[in-house]
Amino acid sequence: MAENPVKWLFLILTSCLSFALVLSASNPLIKKTFIVQMDKSAMPASFSSHLEWYSSKVKSVIMSNTQSEGDGDGERIIYSYQNAFHGVAAQLTEDEAERLEEEDGVVAILPEMKYQLHTTRSPMFLGLEPEESTSIWSQKLTDHDVIVGVLDTGIWPESESFNDTGLAPVPAHWKGACETGRGFEKHHCNRKIVGARVFYRGYEAATGKINEKNEYKSPRDQDGHGTHTAATVAGSPVRGANLLGYAYGTARGMAPGARIAAYKVCWTGGCFSSDILSAVDRAVADGVSVLSISLGGGVSSYYRDSLAIATFGAMEMGVFVSCSAGNGGPDPVSLTNVSPWITTVGASTMDRDFPADVKLGTGRTLTGVSLYKGRRFLSPNKQYPIVYMGSNSSSPDPSSLCLEGTLDPHIVSGKIVICDRGISPRVQKGQVVKDAGGIGMILTNTAANGEELVADCHLLPALAVGEMEGKAIKHYALTSRKATATLAFLGTRLGIRPSPVVAAFSSRGPNFLTFEILKPDMVAPGVNILAAWTGELGPSSLQTDHRRVKFNILSGTSMSCPHVSGIAALLKARHPEWSPAAIKSALMTTAYVHDNTHNPLKDAAEAAISTPYDHGAGHINPLKALDPGLVYDIEAQDYFEFLCTQKLTTMQLKVFGKYSNRFCHHTLASAGDLNYPAISVVFPEDTTAISVLTLHRTVTNVGPPISNYHVVVSQFKGATVKVDPKSLNFTRKNQKLSYKITFTTKSPQTVPEFGGLVWKDGVHKVRSPIVITWIPPM
C-alpha cells in the first residue's frame, strides 16, 4: 500500500493541475474536445436513435454560433458512446460547451484530460484505495454479507453507484423487503440494494397526507440526501464520476462490497421520531449489521430521546450505529446523538479543494472556493462593478444577507454582489442576486463561520471567501466609488495542506447530558464530498435549478457519518465476532490527531489547534483500525449500568431495560467508569469536596496472543495522573486485563485540559484522549 504513494500523488496532482489549466483557458474561438454525457432515458420519441439525438444537440449549439457557420456537427463529433457511457466526444469552443451544458438531457460536459484520476479522494485519503493487488482491502472478504441500513430520504436506484455487477446472491440471513410505490418497483432492488422500505405514518399524522403527485410515497429519493449517504457507505465503483467536471475520478463507497438497505424516514416536512423508531426496529429484524443515521434533533434526556432508545435496542442485537454529530458548530455544546452506544461523527476536510479567485480593481487577488460551471462566465481580462448592500456594522442586515426581496435591481443589475453568509441557504442567495439582475456573487463568511470555506454549485458565477478576505472586499466596495472585481474558477486541486482540518460547522462538545462521556467520538471527511445524486433535483437543490447531474458534492456531518458506517462494515466483515463497542474502540484508539504537515489538527473556525471537544479521539484511520491491538469492549448491561448512574427513575430506566429485563447492579462507581475508549474526568472546582478521582478501564487483546504493552500518559498543569499497572502483559488472544487511572488535583484550571493515554507494544499505539474539567460550584 505504501510502496508508491508519491507516484500516485504526483500522477493525481499533475492530472488535476492539467484539468485546472483546461478550465482556465479562455480563448472562446479555440475548439477543444469535450465529452458530452447524456441522459439516455431522456431521448424524445421523435428520434430514431440516440446518436441522432446526440448529434442534434451538438448541431443546435453550433448553428447558434455565427462564427461556426458551415461547420457541420458530423465533423465535430469524434466518438459516439452507446454502451458503458452515453453521449459523444465532440470538438467544441468554450462558448458552445457552456451553451450545450444548459440543454435538456445533457447531464454534464467534461473537459478532455491528459491523465485520468484514480479516485474521488476520500477512499484514497483514508488509505482504502488498493494500489497493489496484495492490498488487504482487495481480498475477497465476507463484506458481501454485511448489510448497512441507511435511514434517510430514500434512494435513487438507477444510479451507477448501486450497480450490483459481480456481487454474490443476497445473504441468506437477510429478512428485509423491497416495498413498492410510485417510481419504485421490485426490480429496483438488486444484489446491492437488498431492501427498501418507507415509514410515513408518524409524518402523516403530524402533517396530513403526503401529496403523492409532488412527493414519492415510496423508497425513491427525490431529495438526494439519502442517495448521497448510501453511495458514500457502500457505493459500487463508478469511473468518470464528477460534478460538472469537478472532482473527476472513480467514485466508490467505503465498503463497495457491502449491501445497502434503504429506510426512508424523511419527507419534505422533516423526519418524525415515530417513523425513525419503527425504521430502526424493522432494520434490526431485517438483519442489518450497521445502521447509518445522518439526522438528529435537539438534545433531550436519554429516556426522552427516541433515537437513543431505538439504537440501544439495536446495540443489544449486535448492530453498530453511526450518527452525525450535527452542523451546529463552531458553537460549543452543540452536539446531537450523544448516547455512548452511538458512534457520534464530526466532520473534517480532505486534501482536495476547488479554488476560485476574486481579482479586485486594486490588483489584489483573494482566494475562495466554488463549484460553479455554467454558460455565464466573467472575463478574467475585464473588471466588473461590485456592490455591497450592507454597512461597516458588524451585524448583517437583510440586504447584506441577500435575502429574498431585499435587493434593488436598479442598484445591483450588472454588478457582482457581495452577500454575507447566514439565515438563508448559500446557493439561494445566488438565485436572489441573479433574479435582481446581478451578474455574479461573492459570498463572505461572518464571524460565525470564520475562515472555513464550503464549495457550492452556484447558479451564477459565484464563490465563497473567508471572514478576513470578506472584510477586505467589503471595505473596498464601501470606500471606493468605482470598486470593481472579476471572478475566476480554477477547477480541482489536490495535496492541500494542512489537512485534515475540523470543519467549522461540525458540532462541538462537551456532551451536555454527561460530561464524563466525551463526544464527538471522532471526525471523518465531511467537506466537499462527491457521491451519487437524485435525478429529481439539480445540484443546488433549488427548484429553479434545472441542471441534472449523476453525482453531487455536499458538505455536512451527514457526509462524515456514512464514511464511518462504511468503515464499520469493513471491520465487521474482517472481524465478524467484534461487538459494536469493539468496532467503535478500534476506530477511536487508532484515530490520528496530526495533519499532513505533522502538526496538531486545526479548527477551521479559528485557525487554532482543535481539541477533543471538536475532534473527539481524532480523525479515523481505517487501516490502523483493522488491527488495533487492544479494544475497550462494552456489553449491553454495561451501558445499562451507565444509565443507572444518570439519576433516572425506575420507570425511566425501564425504557431501556424492559425488553431484556435489565436491572441496576451498580457495578459503576460513576459515569466515568464506563469502559469508554475516551477518558473524561470531571472535578468540582471546590476541591475540598473531591481532590482525587480514580477511573477503571479494561482492555481486550485482539492482537498477537503474547503481547506486552507499556503506558505513556500526558502531563497536566492542574492534576497529576498515575496509571496502575504501568504495563500489561497478555498471554493469549481475547484476554482481558484491567488498569486504573488516578487523577489528583494540584492546581484547578479555569479551562479544560487536554491530553492522552497511549498503550504501546512496539507495533500498536492504543490511544485514548483525556479531558480534565473543573466544574465551578453552582
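Hi everyone, let's start with one lysine: Lys474 sits in helix H12, residues 467–479. Helices here are DSSP runs of H or I with at least four residues, strands are E runs of at least two, and both are numbered from the N terminus. Before going on, a word on the source: this is a predicted model, where local features need pLDDT of at least 70, side-chain atom pairs count only at pLDDT 80 or more, and totals for chains, interfaces and linings use all residues. Residues are numbered from 1 along each chain as its sequence is written, and side-chain values use heavy atoms, with hydrogens and water left out.

So, is Lys474 buried or exposed? With 13% relative accessibility, Lys474 counts as buried. Buried means under 20% relative accessible area, exposed means over 50%, and partly exposed is in between, using a 1.4 Å probe and protein chains only. Beyond its neighbours within four places in sequence, Lys474 is in contact with Tyr388, Ile418, Asp420 and Thr444; contact means heavy atoms within 4.5 Å.

Now the whole protein. It has 18 helices and 38 strands, and 58% of its 778 residues count as buried. Looking at contacts between residues at least 6 apart in sequence, 74% of them join residues at least 24 apart. The protein exposes about 31,000 Å², with carbon and sulfur atoms supplying 53% of that; these areas come from the Shrake-Rupley method with a 1.4 Å probe, and for residues only the protein chains shown count as cover.

Leaving out neighbours within four places in sequence, its contacts include Val280, Ala314, Phe320 and Ser565.

Val280 and Ala314 bring us to a helix pair, as they are among the residues where H8 meets H9. The axes of H8, residues 273–286, and H9 come within 9 Å and cross at roughly 5°. Axes are lines fitted to C-alpha atoms, for helices over the stretch in contact, and angles run from 0 to 180 degrees between N-to-C directions. That crossing makes H8 roughly parallel to H9. For the cut-offs, under 35 degrees is roughly parallel, over 145 roughly antiparallel, 65 to 115 roughly perpendicular, and the rest oblique. The H8 contact with H9 has 7 nonpolar, 3 polar and no charged residues. Here Ala, Val, Leu, Ile, Met, Phe, Trp, Tyr, Cys and Pro count as nonpolar, Asp, Glu, Lys and Arg as charged, and the others, Gly among them, as polar.

H9, residues 306–316, has another partner in H17, residues 636–644: their axes come within 9 Å and cross at roughly 150°. H9 and H17 are therefore roughly antiparallel to each other. On the H9 side we find Phe312, Met315 and Glu316, and they meet Ala636, Tyr639, Phe640 and Leu643 in H17. Those residues divide into 6 nonpolar, no polar and 1 charged.

How many residues of helix H14 are buried? 10 of the 10, so H14, residues 580–589, is largely enclosed by the rest of the structure. One of them is Lys584, which also touches Thr343. Thr343 lies in strand E14, residues 343–348, and is buried, with a relative accessible area of 1%.

Last, some backbone geometry. Most residues other than glycine have a negative phi, and most peptide bonds are trans. The bond from Arg497 to Pro498 is cis, with omega near -5°, and the one from Asp724 to Pro725 is cis too, with omega near 0°. Asn528 has a positive phi, near 55°, and counts as buried at 3% relative accessibility. Lys647 has a positive phi near 60°, and at 80% relative accessibility Lys647 counts as exposed. You will find Lys647 in the loop between H17 and helix H18, 650–657. Thanks, everyone!
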